[in-house]
Amino acid sequence: MDHFLYRNGALYAEDVPVADIAAAVGTPFYVYSTATLLRHYHLFDEALEGMDHMVCYAMKAASNQAILKTLGDAGAGMDVVSGGEYRRARAAGVPGERIVFSGVGKTADEMRTALEGGIRQFNVESEPEMEMLSAVAVSMGKVAPITIRVNPDVDAKTHAKIATGKSENKFGIPIARARAVYAHAANLAGLEVIGIDVHIGSQLTDLTPFEAAYQKVADLTVQLRADGHTIRRLDLGGGLGIPYERSNAAPPLPTDYGAMVKRTLGHLECEVEIEPGRLIAGNAGLMVSKVIYVKSGEGRDFLILDGAMNDLIRPAMYDAYHDIIPVVEPEAGTEQQPYDVVGPVCESGDTFAKRRMMPALAADDLVAFRSAGAYGAVMSSEYNSRPLIPEVLVKGDQFAVIRSRPTFDEMINRDTIPEWV
Ligand code: LLP
């Protein structure tokens, strides 16, 4: 559920007409709903009620500080994957004790930043990383709390580019080697082993792969405890999918996910952490764009928008489907026609949808891409020298620009031309 609904024939973001935002900030832009972000956070939080738990928002999904502060103030922790994300979370007021640090390639500098500023735990992904972290922590006179990410070799049944839990993926250590790696970690100075971490992929629409992975984690917990390790925290990753296509069966809800977690892991008396990104931010954001031209091609009509693949890359990168709806509500029974919805960037991959059935649209009409809150703005670029598009946050009847559109000069002046050129 989200808070982008038609009212009196117009699309609203909570209590603000989307067209008013477009008039104020120009198109294209991203707009997020505070109520939707909080609703999704609370759904997860409540789904794990009864277990000692923390919902650590995977901020890679949408990392604007206004979003981080909204969630952080509600009690969320953060899952960060770079020194930049760590700094952003801290700048948004999230305390270090609520930040977990994931990722396969943490540098010594990034480790230092987190150890200095405070960290809940590092989710360590390899033995070389473990050794590096040990050396860094010892050099600072600190002890780094760690979980070790295991790769359970489970097929997440999602798009290959966002599956992470198969043995061919770069993530984690093979679960079969876990006991040896934990023994190694226990012998390294400056590390405190506190638990296990797992994340098998993103946009999962079925609980079965999660359950298979968590069952393996449960078995491993028992084994590692028998080996003498303290396993008191399980980080279960993120990955629960959202309904991009409203006509498809809805994926399981956080409540179903929570019940499965309790069933599979509840008896272990561990604290659990989850790292949802998409489910919190995905349906909390739209990308709004304007039709520049409607062009008739050979047997097809192209809807040429002012938004492009550099602003929202998911369709080009993962063949992802996003609902595209007019900002003026079509009257009931309006006939639909097929459009190829494209952007102005000079490659054919700059296609958002093919043969998408939509009501007839004309130049200057506004459209909204649904489910664009996660992996939208954060994955954008300035390809074709198109300035990054603004982000707007709505709360009730107020809205504010939370990242402004750079001017052309700001964009261009980042280059320097050496005198010898
Ligand atoms: N935890 C870890 C360790 C992750 O790698 C990820 C996502 C998450 C949590 C959050 O997963 P979520 O709940 O958002 O599914 N750009 C792609 C998605 C990449 C996901 C990468 N890791 C997309 O647009 O679909």
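The tour goes from the domains to the ligand, then to the annotated positions, and ends at a helix.

Bear in mind throughout that this is a predicted model. Begin by colouring residues 4-31 together with 282-412 as domain 1, and residues 103-274 as domain 2. The centres of domain 1 and domain 2, taken over C-alpha atoms, are separated by 36 Å. Where the two meet, eight residues of domain 1 are in contact with six residues of domain 2, and the domain 1 side of this contact consists of three nonpolar, four polar and one charged residues.

Next, select the ligand and display the 20 residues that surround it, of which the closest are Ala58, Ser202, Gly238, Gly277 and Tyr375. Helix H10 (278-281) and helix H11 (314-318) are the elements that give two or more residues to this shell. By class, the shell around the ligand holds eight nonpolar, eight polar and four charged residues, and at least three of its residues come from each of domain 1 and domain 2.

Now highlight Gly239, Glu275, Pro276, Gly277, Arg278 and Tyr375, which an unreviewed UniProt entry annotates as "binding site". Pro276 sits in the loop between strand S13 (271-274) and H10, and it counts as buried because 29 other C-beta atoms lie within 10 Å. Leaving out residues up to four places away in sequence, Pro276 touches Phe44, Val55, Tyr57, Ala58, Gly238 and Leu240.

Tyr375 is found in the loop between strand S19 (366-369) and strand S20 (391-395), and with 26 C-beta neighbours inside 10 Å it is likewise buried. Beyond its neighbours within four places in sequence, Tyr375 is in contact with Ala61, Arg278 and Arg314.

Move on to Cys346, which carries the annotation "active site" in the unreviewed UniProt entry. Is Cys346 buried or exposed? Cys346 lies in the loop between strand S17 (336-342) and strand S18 (351-359), and it counts as exposed because its C-beta neighbours inside 10 Å number 9, where 12 or fewer is the cut-off.

Finish with helix H1 (residues 18-25), and show the side chains of Val18, Ile21 and Ala22, which are buried. These three lie on the same side of H1, because the arc that they cover around the axis is only 100°. Just after H1, select Gly26, where phi is positive, at about 80°.

Terms used:
Residues numbered from 1 in each chain as written. Predicted model: local features only at pLDDT ≥ 70, side-chain atom pairs only at ≥ 80, totals over all residues. UniProt positions renumbered as here; feature names shortened; annotations may be inferred. Helix = DSSP H or I, 4+ residues; strand = E, 2+ residues; numbered from the N terminus. Buried ≥ 20, exposed ≤ 12 C-beta atoms within 10 Å, placed from the backbone. Domains from an automatic or database assignment. Contact = placed C-beta atoms within 7 Å. Nonpolar A, V, L, I, M, F, W, Y, C, P; charged D, E, K, R; others polar. Arc of directions from axis to C-beta. Near = placed C-beta within 6 Å.
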